[in-house]
Amino acid sequence: MRALQPVQVLVLANLHDFPTDRICVELDRLGICYARLNREDLGAAVVRLDPIEPRLEIDVEDQRWLVDQTLKAVWWRQPTFLRNIPHQPLSLDEQLDRSQWPAFLRGLMLFDEARWLNDPAATYRAECKPWQLRQAARLGFNTPATLITNDPNAPVATTLGETVAVKSVDTVLLREGGRQFFAYTQLLDWSICAAPALRAAPVLAQKVISPKLDLRVTVLGDHVWAVSVEVEGAGIEGDWRLRKKEQLDYPDFALPPEVADLCIALVRHMGLVYGAIDLALSDGRFVFIEINPTGEWGWLDTPERPIAATIARALAAC
Amino acid sequence: MHVLRGFALESVARDETPLPDGAHYDVALGAWKGKNGLLAYDAMTGTVTKKNDYETGEDQKGQ
């Protein structure tokens, strides 16, 4: 039987996480001993965890890995919130799988002497939009006037404007039969929203920022990469994700140093190492929109913006 | 109808996210390999784009 290989960096991902492929390749180039566990493979893997010592042995196909107190870092790419609501009853085995394996993975937080990118507990809190806005304002970011409400009679039109940016409080991904529904940010007349049906769930209403240039600021520790999101060299009204990807350009954007420092400070303040921050530049002001503690970065990783390589070095250098 | 439902974008739901054709996952490396090398660096696969019809990150927002 193959000997157990000690692991310095543990990668917890899923099979479709292609950006994490890049990190693994970079770790391999750095000569780091690492193990990647994919959520889908766990049913075929064998694990033995002693939480007291602590010591974890993992067998996957012909690989045998040992994780103990010498573990230096963890790349955590597991769902913090499972947003894919089942549209049909789950079998007993499916229920067991969906409850116990995520709990096992969360339980690996017992390796708390390792550096976590990101710490799942910090990610849980940082995913909350209301908390994000409060922290960003507290640190000195410009933030859009906001009201979260299910009250059709709330004074939104008088405080935020007749037309508002309507968002969900958390990602909306609904499913009925073979159809699914995803809610993007919409610029709407509040009178459309202020129907009795609003009582069913709160929405996040914000003062419209227009015109604007969307910025994505990717932060890893003290590293900052900023791009603007443009169509034909101009900013985009409303939610840029509604545009076809072929239309979009992501040129580098030179953030003022004080704004970059604020982004670094926000990520750190939230207990994170990594964060993908959405800003809007409007009328010379940088306005905080939200932070995605688990936001995707693969679409921005280029030789000029070596995000994967920098993440790998951050994991290796712990 | 609630505004978040009324203005949500409808699409066809997928029960399973397909795995790459003609490629295999290298357990030791922790990466997919295709005929032309690593899939993660193959621009033709579109595997690392933001709008890949599903997000590949841990947030799994589905869009």
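Q: What makes the link between the side chains of A:Glu26 and A:Arg29 a polar contact?
A: The distance that joins the two side chains is 3.0 Å. A polar contact is a pair of N or O atoms within 3.5 Å; within protein, one atom must be able to donate a hydrogen and the other to accept it, and residues adjacent in sequence count only if both atoms are side-chain atoms. The pair A:Glu26 and A:Arg29, at 3.0 Å, therefore meets the limit. This is a predicted model, in which local features need pLDDT of at least 70 and side-chain atom pairs count only at pLDDT 80 or more, whereas totals for chains, interfaces and linings use all residues; side-chain values use heavy atoms, without hydrogens and water. Residues are numbered from 1 along each chain as its sequence is written, chains are lettered from A and ligands numbered from 1 in the order in which they are written.

Q: Why is A:Glu26 called buried?
A: The relative accessible area of A:Glu26 is 15%. Buried means under 20%, exposed over 50%, and partly exposed in between (1.4 Å probe, protein chains only). A:Glu26 therefore counts as buried.

Q: Where is A:Glu26 placed, and with which residues is A:Glu26 in contact, leaving aside its neighbours within four places in sequence?
A: A:Glu26 belongs to helix H1 of chain A; helices (H or I, at least four residues) and strands (E, at least two) are DSSP runs numbered from the N terminus. Beyond those neighbours, A:Glu26 has contact (heavy atoms within 4.5 Å) with A:Ala308, A:Ala309, A:Ala312 and B:Tyr41.

Q: How do you know that A:Arg22 forms a salt bridge with A:Asp301?
A: Their closest N and O atoms are 2.7 Å apart. A salt bridge is a side-chain nitrogen of Lys or Arg within 4 Å of a carboxyl oxygen of Asp or Glu, so the pair A:Arg22 and A:Asp301 qualifies. The pair links distant parts of the chain, 279 residues apart: A:Arg22 lies in helix H1 (residues 18-29) of chain A, and A:Asp301 in the loop between strand E19 (285-292) and helix H8 (307-316). Both residues are buried. Over all chains, the structure holds 19 salt bridges.

Q: What makes strand E4 and strand E5 of chain A a pair?
A: Two strands pair if DSSP finds at least two bridges between them. Five bridges join E4 (residues 46-50) to E5 (residues 55-60), so the two strands pair, and they run antiparallel. Among the bridge partners are A:Leu49 with A:Leu56 and A:Asp50 with A:Arg55.

Q: Why do strand E1 and E4 of chain A stand at the edges?
A: The open sheet of four strands has the order E1-E6-E5-E4 in chain A, with mixed pairing. E1 (5-6) and E4 each have a single partner strand, so one side of each is left without a neighbour in the sheet.

Q: What makes the side chains of B:Glu10 and A:Arg179 a salt bridge?
A: The N to O distance is 3.6 Å, so the pair lies within the limit already stated. This pair crosses between chains, from strand E1 of chain B to strand E12 of chain A. B:Glu10 is partly exposed at 44%, and A:Arg179 is partly exposed at 36%.

Q: How many salt bridges and residue pairs in polar contact are counted between chain B and chain A?
A: The count is one salt bridge and twelve residue pairs in polar contact. E1(B) gives the most to the side of chain B that touches chain A, with four residues. The contact takes 43 residues from chain B and 71 residues from chain A.
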